Amino acid sequence: MGQLKSILDTFFFSMFPYITIFTFLLVTIQRYRSKAYTYSSLSSQFLENRQHFWAMVPFHYGIISVLTAHFVWFLVPETVLWWNSVPARLYVMEIAMFIFGLMTLIGLVNIIIRRQTNSMARFVTTKADWLVLGFLMIQIVTGLYTAYFHRWGSSWFAASLAPYLWSVFKLSPDLTYITAMPFMVKAHIVSAYSIILLFPFTRLVHILVLPNPYLWRKPQLVRWNWNRKTIRTTEKNS
Amino acid sequence: MDIRSQISMVFHLDKCIGCHTCSIACKNIWTDRKGTEYMWWNNVETKPGTGFPTRWEDQEKYKGGWELVNGELKLKSTSKVKTVTNIFHNPNMPTMDDYYEPWSYKYKDLFDAPAGDDQPTAKPISMVTGEYMDIEAGPNWDDDLSGSPIYAENDINLDVLSEEQRDQLFAIERLMMFYFPRICNHCVNPSCVASCPSGALYKRGEDGIVLLDQERCRAWRSCISACPYKKTYYNWNTGKSEKCILCFPRVETGQAPACFHSCVGRIRYLGVLLYDADKIEETAKHSDHELVDTQREMILDPFDEDVIRDAKKNGIADSTIKAAQESPVYKFVKDWGIALPPHVEYRTLPMLFYVPPMLPVMSSQEGDSVRSINEEYFPDFEKARTPIKYLAKMFGGGNESHLRYVLKKQSAIRAYRRAVTVGDIDMLNAEKALMEADCHPKEADKIYKLTSLCTFDDRFVIPAAHREEAIEMMKDPLEHKQEAGFGFREAPERGK
C-alpha cells in the first residue's frame with residue numbers, strides 16, 4: 001500500500017507536471033500558428049442572455065481573483081508570510097479569497113444549470129465543454145474544502161507548496177512536503193495539472209485572448225492591398 | 001487631402017416592389033450554412049414597421065452608433081474601459097429572440113405517419129436544437145403590416161409625429177407604406193470596426209468594403225451592439241461574427257453583388273465615390289441637421305483636376321478615377337442631390353444612399369374620379385399621407401428641408417415628363433415647376449433616364465479591382481503557384 005502511494009506520488013507530482021506543461025506549450029503554440037480560427041470564446045450569450053449574466057460575471061471575476069492570489073503566493077511566499085504575521089491581515093485575506101472562491105462556485109453552478117436547462121445553450125455544449133466544467137468543479141470544491149478545513153492555506157502554501165512548485169520549475173521536483181499533504185490538497189493539485197493539460201485542446205484557450213492592441217489603437221482600421229508608404233514616397237521623389 | 005475610393009450604393013425606394021428577390025439571392029449564396037440561418041445580410045422591411053431585428057432603430061435599447069459627448073465622438077455601446085469591464089457579459093447585446101429562431105419542418109412525418117383519421121402534418125422544428133418548437137417570429141414577420149397596431153405602431157420613427165398624424169397612419173384607407181431594403185452600409189466611420197477588440201473588422205483601403213476577418217474574430221460580440229443598423233450578425237455555431245461582404249468576390253471580377261444583380265425593380269445602383277479621409281472625424285461631429293450636407297461635402301468631385309492629381313498620388317488607379325466619373329451614385333448623391341443617407345444621426349457616415357419614396361402617388365379626387373396629378377405642380381407635401389417628418393427622421397437626420405427638396409424635384413420631373421409624353425400639362429408651366437425645384441429640362445431628362453430606362457451598365461459601374469497587383473505585393477505569384485491555395489482549407493467548425 002505504501003509502495004503504491006509512493007509510486008502514485010512520484011507520477012502525479014514529479015512526472016505529470018512535465019507532461020502537462022510540455023503539452024500545454026507545444027499544442028497551444030502550434031494551434032495558434034496553424035488554426036488561429038479556433039481561438040474563440042465560443043460565446044453563447046446570443047442564445048441565452050439572462051442566466052448568462054449570473055453565470056459568467058461571478059465565475060470570471062471570482063476565478064481571476066483566486067488565480068491571481070495563487071500566483072502571488074507562489075511568486076513572493078516570504079511577503080505573504082510577512083503579511084500573515086498579523087492575524088487581522090491574515091483573516092482579511094483568507095476571508096476575501098474564500099468569498100471569491102464561493103463566487104466562482106456560484107458562477108460555475110449557474111453555468112452548469114444554464115447549460116442544462118436552456119435547450120439552445122445545452123445544444124451548443126460539447127463533450128469537451130462538459131469535461132472542462134467537471135474538472136473546474138473538482139478544482140473549486142477541493143479548493144474551498146481545503147480553505148475551510150485545512151486553515152490557514154495562504155500561510156502553509158507559502159511555507160510548503162511554494163517551495164515544491166519552485167522545485168518543479170527548477171526541474172528537480174522535491175516531494176518532501178507533498179507526500180504528507182491531505183488527500184483534498186493533493187486532489188486540488190492534480191486537478192490543476194489536468195486543467196493545464198486540457199487547456200490547449202478545449203475552449204480554455206480563450207483565456208489567452210486579450211484585447212491588448214485595442215486599448216492603444218486608433219478607432220478605425222484600414223487594410224490596404226497596396227503599400228501606401230512606397231506609393232507616397234515614390235511620388236514625392238519623382 | 002487623403003483621397004480614398006469607396007464603392008457606394010443608391011437604392012431608389014420609389015421603385016422597390018418588396019419582392020425580396022435580393023434577400024433570397026443573398027441567402028442562397030452566403031447564409032444557408034449552420035449558424036447563419038437566421039441572418040439576413042440583405043433584408044427588406046415594411047415601413048412604418050419594426051424591422052429586423054425588431055426595433056433595431058431604438059438605440060436606447062441597442063446602443064448602436066456614435067454619440068457626441070462634449071464635442072468628441074464616442075461609441076454609444078462601448079469604450080476602451082468598458083471593453084475590459086464588460087468583457088464577460090455584453091450588456092446591450094441583442095439575442096436570438098430579437099431576430100427569430102430559425103425553423104424547418106419535420107417533413108419525414110408526412111411519409112412515416114401511421115394510417116389514421118387525420119392528415120399527417122409536418123410539425124415545425126428548430127434549426128438550432130432540432131426540437132419541436134412554436135413559431136413566434138420569422139423573417140419579414142411584419143411584412144406589409146403597416147397600419148397594424150401590433151407591429152407598425154412600434155416603429156420608433158413615428159415618435160416624431162403628432163398624435164393626429166399617427167392616428168391618420170392607422171386609419172383605414174389613409175395608411176401608407178413603403179419598402180426599405182437594407183444591406184451593410186459600408187460606412188466611412190464604421191462603429192463596428194471601432195468597437196472590435198480583436199481588430200478583426202476592417203475597411204478595405206482600395207474600395208472601402210467593410211469586412212470581418214474570421215481568423216481574427218474572438219467572439220467578443222462588440223460589433224453586434226455597436227452597429228446601429230444591426231448588420232453584423234453572430235454565428236452561434238462557429239462562434240464568429242459575420243456580415244455583408246458586398247459580394248466582394250463578384251465585385252472584384254466586375255460583377256454586381258447578387259442582391260443588386262437580381263433586383264427585379266432595378267432599384268439598385270452601384271458606383272465609386274472619392275472622398276477625403278482627412279475630413280471623416282470633423283464631418284461626423286456636426287449636428288444632426290447638418291450631417292447630410294457635411295457628408296456630401298466630404299465626397300469629392302472626380303472631374304476636379306486637384307482631386308484627380310491627389311487621388312493618383314494616393315495610389316488610386318486611373319480606371320477607378322474613370323469609374324468615379326461615370327458613377328451613378330455620384331449623380332444621385334452630388335449632382336442631383338436626391339439620394340440621402342439612412343439615419344445619418346448615427347454618425348457612421350453610411351455609404352448607401354436612398355432616394356426617398358413619393359408613394360402613395362399624389363392625386364386629387366373629384367366625386368368618384370381620381371385625377372393623377374394636382375392642378376398645382378407641387379402637391380402639398382405637408383398634407384401628404386407619408387408625413388415629411390417621418391421621412392426626415394429616417395433619411396434627413398430630422399432635417400425636413402432635404403426631404404422637401406427631393407420630393408419637390410421628383411414631383412416636378414413627373415409633371416415635366418407627363419407634359420412631354422401625355423401633353424395634358426402645359427409645358428411652360430412644367431418647365432417653370434422644374435426651375436422652382438432647382439432642376440432644368442436637361443437634368444430632368446437625365447434623372448428620368450437613369451431612373452426609368454437604365455441598363456445594367458448604367459446602374460453598375462464597377463472599377464477593375466487590380467487584385468493581381470495586390471497579390472504581387474504580398475507574395476511572389478510564381479511561388480504562390482506551388483502552394484495549396486489560400487483562404488480556408490478546412491471546413492470551419494465550432495472550436496475545432
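Predicted model: local features only at pLDDT ≥ 70, side-chain atom pairs only at ≥ 80, totals over all residues.
Strand S1 (residues 222-223) of chain A and strand S8 (201-204) of chain B run parallel and are joined by 2 bridges.

**Contact between the chains**

- Chain A contributes 43 residues to the contact, while chain B contributes 41 residues.
- On the side of chain B that touches chain A, at least two residues each come from helix H3 (80-85), helix H6 (191-195), strand S8 (201-204) and helix H20 (467-474) of chain B, and the largest share, 4 residues, is that of S8(B).
- Sorted by class, this side of chain B consists of 17 nonpolar, 13 charged and 11 polar residues.

**A hairpin in chain B**

- Strand S3 (residues 66-69) and strand S4 (residues 72-75) of chain B are paired in the antiparallel sense through 4 bridges, and Val69(B) has Glu72(B) in S4(B) as its bridge partner.
- The hairpin of S3(B) and S4(B) has 2 residues between the strands, and Asn70(B) takes a positive phi near 50° there.

**A loop residue in chain A**

- Arg151(A) lies in the loop that runs between helix H6 (127-149) and helix H7 (153-169) of chain A.
- Arg151(A) counts as exposed because it has 12 C-beta neighbours inside 10 Å, the cut-off for exposed being 12 or fewer.
- Arg151(A) and Glu94(A) are 57 residues apart along the chain, yet their C-alpha atoms are separated by 9.0 Å.

Conventions:
Residues numbered from 1 in each chain as written. Chains lettered and ligands numbered in written order. Contact = placed C-beta atoms within 7 Å. Nonpolar A, V, L, I, M, F, W, Y, C, P; charged D, E, K, R; others polar. Pairing = 2+ DSSP bridges. Buried ≥ 20, exposed ≤ 12 C-beta atoms within 10 Å, placed from the backbone.
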